Amino acid sequence: MPRVIWKGSISFGLVTIPVQLFSAVSRKNVRFNQLDAETGARVRHKRVSSADGSELPPERIVKGYELPSGDYVTVTDRELDELAPVAARTIDIDAFIDLADIDPVFYDSAYHLVPDEAAAKPYKLLAEAMDEADKVAICGFVMRSKQHLAAIRPVDGRLMLSTMVYSDELVAPDEIDGFDGLGDIEVEERETAMARQLIAALEAQFEPGRYTDSYREAVLEMIERKASGDTTVTVASAAPTSDTVVDLMAALEASVAAAKEARKRHPTGGEAAAEPDAKREEPARKIRKSA
């Protein structure tokens with residue numbers, strides 16, 4: 001059962017809505033412990049000094065920030081506490097903006113915003129008003145002694161909150177090699193037209209259930225077999241593929257043909273796939289609103 005991560009209120013104007021925050025994501029990573037290969041005993045890590053290798057008690061350990069020179073500036077927990085943001089229990093809405101104006105690169109973690117029973121009506125009012133206006137709310141709040149930037153968006157009558165990274169935390173494209181030569185590359189119109197055909201052939205509504213972590217599932221299946229006594233585990237490796245496109249047009253044409261053939265076999269293919277674009281405009285709009 002999901003547990004409450006944070007309690008407080010949404011505040012916009014003179015309206016205050018008590019809410020609870022629940023994580024919207026449950027990570028499914030396969031976690032391993034380190035063991036002694038000979039005895040099977042769990043390996044424990046110790047905190048030791050790099051000077052003499054001696055194990056240090058907790059009271060001897062302090063925080064240090066490394067300078068470019070290699071020296072350290074030490075800080076105490078008390079000094080950090082004095083600088084920590086005030087743990088106010090409010091989510092302060094700063095502005096309402098269009099969802100399309102937010103680059104997805106800014107999103108971090110997602111949470112469900114659940115209203116207190118007594119605040120159900122103003123909560124629903126806010127959700128419906130934001131949905132009709134097709135807006136998301138940019139806000140700030142403090143959780144676990146950290147100041148967060150966040151976006152609140154309406155989803156099927158509910159509100160979801162996504163924490164966001166700050167602009168100075170993004171890696172600028174000009175800091176990465178490999179983009180400089182793109183402006184000098186010329187793309188032929190027939191290549192662009194074929195790429196558009198490929199995009200149209202692969203067009204579909206997003207179905208999250210179609211995508212699974214096949215590696216995690218394979219690891220768990222292997223562990224289950226080994227736990228049951230089957231030690232003859234064989235895994236077929238994927239065939240290597242070439243990263244070099246020899247003939248771009250030929251690759252595009254073959255991709256379009258394969259995509260069209262796959263669409264015919266897909267449950268949503270056939271007549272639905274051949275509908276004019278105008279008939280698909282309204283569903284596409286709905287997908288954008290609930291994204």
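**Charged pairs, rings and helix faces**

Analyst: In this predicted model, E55 and K46 are joined by a salt bridge in which the closest N and O atoms are 3.9 Å apart. Both E55 and K46 are exposed.

User: How many salt bridges does the structure hold?

Analyst: Side chains of opposite charge can pair when their charged atoms come close. The pair of E55 and K46 is a salt bridge of this kind, and the total for the structure is nine.

User: By how much of a helix are E82 and R78 separated in α1?

Analyst: E82 and R78 form a salt bridge, with 3.8 Å between the closest N and O atoms, and both residues are exposed. Because they stand four residues apart in helix α1, which covers residues 77-83, the separation of E82 and R78 is about one helical turn.

User: Are D213 and R216, whose side chains meet in a salt bridge, buried or exposed, or partly exposed?

Analyst: The N to O distance in the salt bridge of D213 and R216 is 3.8 Å. Buried means under 20% relative accessible area and exposed means over 50%, with partly exposed in between. D213 has 35% relative accessibility, so it counts as partly exposed, and R216, with a relative accessible area of 21%, is likewise partly exposed.

User: What kind of aromatic pair do W6 and F141 form?

Analyst: A pair of aromatic rings is described by the distance of the centres and the angle of the planes. The structure holds three aromatic pairs, and in the one formed by W6 and F141 the centres are 5.4 Å apart and the planes stand at 70 degrees. Planes over 60 degrees apart count as edge-to-face, so the pair of W6 and F141 is edge-to-face.

User: How many residues apart in sequence are the parts that the pair of W6 and F141 ties together?

Analyst: W6 is buried at 3% relative accessibility, and F141 is buried with a relative accessible area of 1%. W6 belongs to strand β1, residues 4-12, while F141 belongs to strand β7, so the parts that the pair ties together are separated in sequence by 135 residues.

User: What kind of aromatic pair do F206 and Y211 form?

Analyst: Both F206 and Y211 are exposed. Their ring centres lie 6.0 Å apart, with 25 degrees between the planes. Planes under 30 degrees apart count as stacked, so the pair of F206 and Y211 is stacked.

User: How far apart are the end C-alpha atoms of α2, and what span should its 14 residues have?

Analyst: At 1.5 Å a residue, the 14 residues of α2 should span 20 Å. The distance between the end C-alpha atoms of α2 agrees with that expectation, being 20 Å.

User: Within what arc do the buried residues of α2 fall?

Analyst: The buried residues of α2 are Y123, L126, A127 and M130. Seen down the axis of α2, these buried residues line one face of the helix, because they fall within an arc of 95 degrees.

User: Which exposed residues does α2 carry on the face turned away from its buried side?

Analyst: The buried side of α2 is made up of Y123, L126, A127 and M130. The face of α2 turned away from that side carries the exposed residues K121, L125 and E132.

User: What accessible area do the residues of the nonpolar surface patch have together?

Analyst: The patch is formed by V171, I176, F179, L182, I185 and V187. One of these residues, L182, is found in the loop between β9, residues 158-164, and α3, residues 189-201. Together the residues of the patch have an accessible area of about 590 Å².

User: What distance separates the C-alpha atoms of T192 and M249?

Analyst: T192 is in helix α3 and, at 28% relative accessibility, counts as partly exposed. T192 and M249 are 57 residues apart along the chain, and their C-alpha atoms are separated by 9.7 Å.

Methods: Residues are numbered from 1 along each chain as its sequence is written. This is a predicted model: local features need pLDDT of at least 70, side-chain atom pairs count only at pLDDT 80 or more; totals for chains, interfaces and linings use all residues. Side-chain values use heavy atoms; hydrogens and water are left out. Patches are made of residues with over 30% relative accessible area and no salt bridge: like charges are joined within 9 Å, nonpolar side chains (Val, Leu, Ile, Met, Phe, Trp, Tyr) within 5 Å. Accessible areas come from the Shrake-Rupley method with a 1.4 Å probe; for residues, only the protein chains shown count as cover. A salt bridge is a side-chain nitrogen of Lys or Arg within 4 Å of a carboxyl oxygen of Asp or Glu. Helices (H or I, at least four residues) and strands (E, at least two) are DSSP runs, numbered from the N terminus. The expected span of a helix is 1.5 Å times one less than its number of residues. Buried means under 20% relative accessible area, exposed over 50%, partly exposed in between (1.4 Å probe, protein chains only). The arc is that of the directions from the helix axis to the C-beta atoms. Rings of Phe, Tyr and Trp (its six-membered ring) pair if their centres lie within 6.5 Å; planes under 30 degrees apart count as stacked, over 60 as edge-to-face and the rest as tilted.
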